[in-house]
Amino acid sequence: MKNRPRASLGRILHDLGTTVLDVAASPGSLDAEVTGVHIYDPLDELIVPSGAILLAVGVQGADDICALLARAPHATGMVVKLPVDVDERVRAAVLETGVAVLGLTRAASWAQVAALLRSLLAEGDLAEPGEGAYGDLFSLANAVCALLDAPVTIEDRSSRVLAFSGRQDETDPGRVETVLGLQVPERYLRQLDAQGVFKRLYQSHEPIHIELDDDDIVNRAAMAVRVGDEILGSIWAVVHEPLSPQRQRALADAAKIVALQLLRERAGADTQRRLRADLLSTVLAGGADAAEAAGRLGIATTRLCVLAAQLAGVPADPAQGESDRQRFCDALALHVAAIHPKAAAALVGSVAYAVLPLAAGGDEEARAVRVAESFLARVGPRHAANIGVGRLALSLAQVARSRADADRALRVLRAGGTAGQAAGYTQVHFESLLLQVADVATAEDQAPTGPYQRLLDHDAEHGTELAATLGAYLDAFGDVNQAAARVHVHANTFRYRLKRLVEISGLDLADPDARLTVMLQMRIFGRQH
């Protein structure tokens with residue numbers, strides 16, 4: 001098999017078009033190899049691998065650009081939001097370091113651009129002109145673009161963009177937004193669905209022509225990609241007029257080749273995911289094989305926290321649930337990889353685990369929690385989830401402990417019925433301990449004893465709520481008026497119930513040890529009433 005050259009900066013700019021990225025200052029040739037994408041954060045240590053594209057979030061002004069160029073002389077390019085302040089100092093710094101400065105359209109979000117660039121690099125799409133057309137989906141997209149003389153996208157059943165061709169800057173705002181977000185925007189999906197486009201598309205074995213009721217959107221030609229009765233996705237071309245019979249045949253033939261490539265990539269992706277999950281599981285378990293597994297994954301082995309992320313709720317459709325979990329894990333992997341090049345994530349069972357390296361500076365667990373909260377904020381509209389964060393592991397030998405911490409923190413959030421929350425183990429340490437004690441009590445078939453047990457028996461026999469009264473009293477720190485309000489009774493009624501429960505249970509409310517004992521039993525066995 002021929003090894004294809006890696007992506008060059010010039011090829012990236014050619015395929016994205018000037019709508020997304022443009023050159024603000026160039027050292028000359030743009031043939032430098034691009035090896036990855038790194039997001040600049042002024043609060044973190046700047047580690048830019050050789051050949052990376054640096055996304056300069058929040059950087060503006062010639063002084064800041066020059067300072068960052070000096071700190072990242074091994075990068076291939078630096079992306080700054082338009083307008084880019086380029087003066088003689090910036091041009092001199094670009095020539096000295098060899099790092100090109102690129103301008104990013106203000107309409108694009110940094111997350112979208114990071115995902116877009118990482119997707120391109122991961123797919124190996126950026127072959128040099130003249131290479132074989134069918135190496136991968138992006139090459140196929142460019143080949144179909146040449147056949148149809150129209151920019152195209154290849155999308156899955158959920159209208160996520162799997163690949164796109166060049167010349168996207170010749171399209172319309174809807175296509176540009178689709179390519180930037182790697183997803184057809186919701187408003188266009190509703191419009192397509194209302195016009196019955198998807199029904200026509202998936203029922204037809206020939207290309208269809210689509211005219212949308214929107215003056216800003218150019219017409220489309222689309223072809224379903226299928227294997228037998230299974231719909232794998234579709235190809236969409238931006239056209240100004242219906243395709244000729246010859247171009248229709250070309251699109252139909254291309255769909256068959258795309259179908260084969262999608263099947264190959266799906267099989268390869270499944271195998272790769274299983275391998276990564278197995279390797280990460282080995283790292284998380286610790287032991288003699290952890291170092292070798294970490295080496296094969298290319299992840300950090302010191303100063304890292306483990307994140308345990310899980311979708312909230314139980315899906316009605318198991319197959320859809322598995323798909324949602326995998327997409328959620330893919331998004332988490334992308335998020336942590338953008339923060340540190342030696343991070344990794346994989347789905348193990350129903351939990352997505354991530355290993356996140358952290359630079360020295362103290363308060364690492366809190367910083368990891370902020371990373372988790374940022375991720376949950378981004379995926380919240382699509383995925384309701386919780387994330388537990390383990391304590392800092394200073395070596396591979398401590399990773400298993402960090403993973404156990406993360407699992408326990410996640411369990412506390414799950415037990416609380418929350419969604420969209422992140423918590424570090426030290427934040428929920430006591431709640432985690434109580435859950436562990438409850439596990440022991442359940443395993444040994446233990447039950448409440450002493451005053452609390454007598455209250456529960458009395459409530460069960462007489463239909464009273466004395467246990468609830470006691471719980472309200474303790475929660476209110478002995479404030480009768482506040483406790484009465486919590487259980488919606490008059491204060492005098494509450495005082496009478498309090499007197500009765502003391503008589504029945506024999507509990508000495510003046511004894512701090514007795515109060516602690518009954519409070520712990522309530523937490524461990526639950527407030528049964």
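What follows is a conversation about how terms are applied to this predicted model.

Trainee: What should be kept in mind about the model before any label is used?

Mentor: This is a predicted model, in which local features need pLDDT of at least 70 and side-chain atom pairs count only at pLDDT 80 or more, while totals for chains, interfaces and linings use all residues. Residues are numbered from 1 along each chain as its sequence is written, and side-chain values use heavy atoms, with hydrogens and water left out.

Trainee: How many helices and strands does the protein have, and what makes a run of residues count as one?

Mentor: The protein has 19 helices and 15 strands; helices (H or I, at least four residues) and strands (E, at least two) are DSSP runs, numbered from the N terminus. The C-alpha trace spans about 90 × 55 × 45 Å along its principal axes.

Trainee: Why is strand β5 described as largely enclosed?

Mentor: A residue is buried under 20% relative accessible area, exposed over 50%, and partly exposed in between, computed with a 1.4 Å probe on protein chains only. Five of the five residues of β5 (residues 100-104) are buried, so this strand is largely enclosed by the rest of the structure. Ala100, Leu102 and Leu104 point one way from β5, Val101 and Gly103 point the other way, and all are buried. Strand β3 (residues 52-55) also has both faces covered, with Ala52 and Leu54 buried on one side and Ile53 and Leu55 on the other. For the protein as a whole, 48% of the 529 residues count as buried.

Trainee: How do you know that β4 and β5 pair, and in which sense?

Mentor: Two strands pair if DSSP finds at least two bridges between them, and β4 and β5 have five, in the parallel sense; Met78 stands opposite Val101 in β5. On the same criterion, strand β2 (residues 36-39) and β3 pair in the parallel sense over four bridges, with His38 opposite Leu54 in β3. Strand β3 and strand β4 (residues 77-81) pair in the parallel sense over three bridges, and Val79 in β4 is the bridge partner of Leu55. Strand β1 (residues 21-25) pairs with β5 in the antiparallel sense over four bridges, where Leu104 is the bridge partner of Leu21.

Trainee: What makes the unit of β3, helix α2 and β4 right-handed?

Mentor: A crossover is right-handed if, with the strands pointing away from the viewer, the path from the first strand over the helix to the second runs clockwise. The unit formed by β3, helix α2 (residues 62-71) and β4 is a right-handed β-α-β unit, and β4, α3 and β5 make a right-handed β-α-β unit as well.

Trainee: Why is the contact of Arg89 and Asp63 called a salt bridge?

Mentor: The term requires a side-chain nitrogen of Lys or Arg within 4 Å of a carboxyl oxygen of Asp or Glu; the N to O distance for Arg89 and Asp63 is 2.3 Å, so the pair qualifies. This pair links distant parts of the chain, with Arg89 in helix α3 (residues 88-97) and Asp63 in helix α2, 26 residues apart. Arg89 also meets Asp87 in a salt bridge at 2.8 Å, N to O, and Asp63, Asp87 and Arg89 are linked in a network of salt bridges. At 45% relative accessibility, Arg89 counts as partly exposed. The whole structure has 13 salt bridges.

Trainee: What separates Arg403 and Asp407 along helix α13?

Mentor: They are four residues apart in α13 (residues 399-415), which means a separation of about one helical turn. Arg403, at 21% relative accessibility, counts as partly exposed, and so does Asp407, at 25%.
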